[in-house]
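Open the model in a viewer and keep the sequence at hand. Each stop below says what to select and what is found there.

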Amino acid sequence: MRTVFLLWHSYPREDALDENDTEDKLVGVYSSAAEADAARLRKLRFEVFRDYPDNFQVSEMEIDKDAWSEGFVSVKT
């Protein structure tokens with residue numbers, strides 16, 4: 001199995017209507033969890049990342065495998 005590690009950062013939008021309304025950024029795709037963590041540390045120098053240092057997430061993804069293979073449901077509020 002070949003995998004990559006996606007580093008995401010998310011923070012509340014300034015014009016958010018609720019806590020689920022976020023600004024989400026894919027920071028990068030890395031060959032290991034350690035490389036993703038090193039990138040996280042590098043990004044902490046920058047304003048938005050520094051303001052929300054606990055809002056990083058690493059997702060491990062298998063290469064050449066479909067995500068959302070069963071689809072998804074939209075919920076209207």
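The tour goes from the whole chain to the sheet, then to single residues.

Before you start, note that this is a predicted model, in which local features need pLDDT of at least 70 and side-chain atom pairs count only at pLDDT 80 or more, while totals for chains, interfaces and linings use all residues. Residues are numbered from 1 along each chain as its sequence is written, and side-chain values use heavy atoms, with hydrogens and water left out.

**Whole chain.** Colour by pLDDT, the predictor's confidence in each residue, from 0 to 100. The protein chain has a mean of 89, and 96% of its residues reach 70 or more. Among its elements, α1 has the highest mean pLDDT (98) and helix α2 (residues 47-51) the lowest (93). Helices (H or I, at least four residues) and strands (E, at least two) are DSSP runs, numbered from the N terminus.

**The sheet.** Select the three strands of the open sheet, whose order is β2-β1-β3 with antiparallel pairing. β2 and β3 (56-62) are at the edges with a single partner strand each, so one side of each has no neighbour in the sheet. On average, neighbouring strands here are turned by 25° against each other, direction ignored. For such angles, axes are lines fitted to C-alpha atoms, for helices over the stretch in contact, and angles run from 0 to 180 degrees between N-to-C directions.

**Strand β1.** Now select residues 3-12, strand β1, which pairs with β2 over eight antiparallel bridges. Two strands pair if DSSP finds at least two bridges between them. With β3, β1 has an antiparallel pairing over seven bridges. Step through some partners:

- Val4 is opposite Met61 in β3.
- Phe5 has Tyr30 in β2 as its bridge partner.
- Tyr11 is opposite Glu23 in β2.

Glu35 belongs to helix α1 (residues 33-43).

**Leu26.** Last, select Leu26 in strand β2 (residues 22-30). Leu26 has a relative accessible area of 43%, which makes this residue partly exposed.

Technical notes. Buried means under 20% relative accessible area, exposed over 50%, partly exposed in between (1.4 Å probe, protein chains only).
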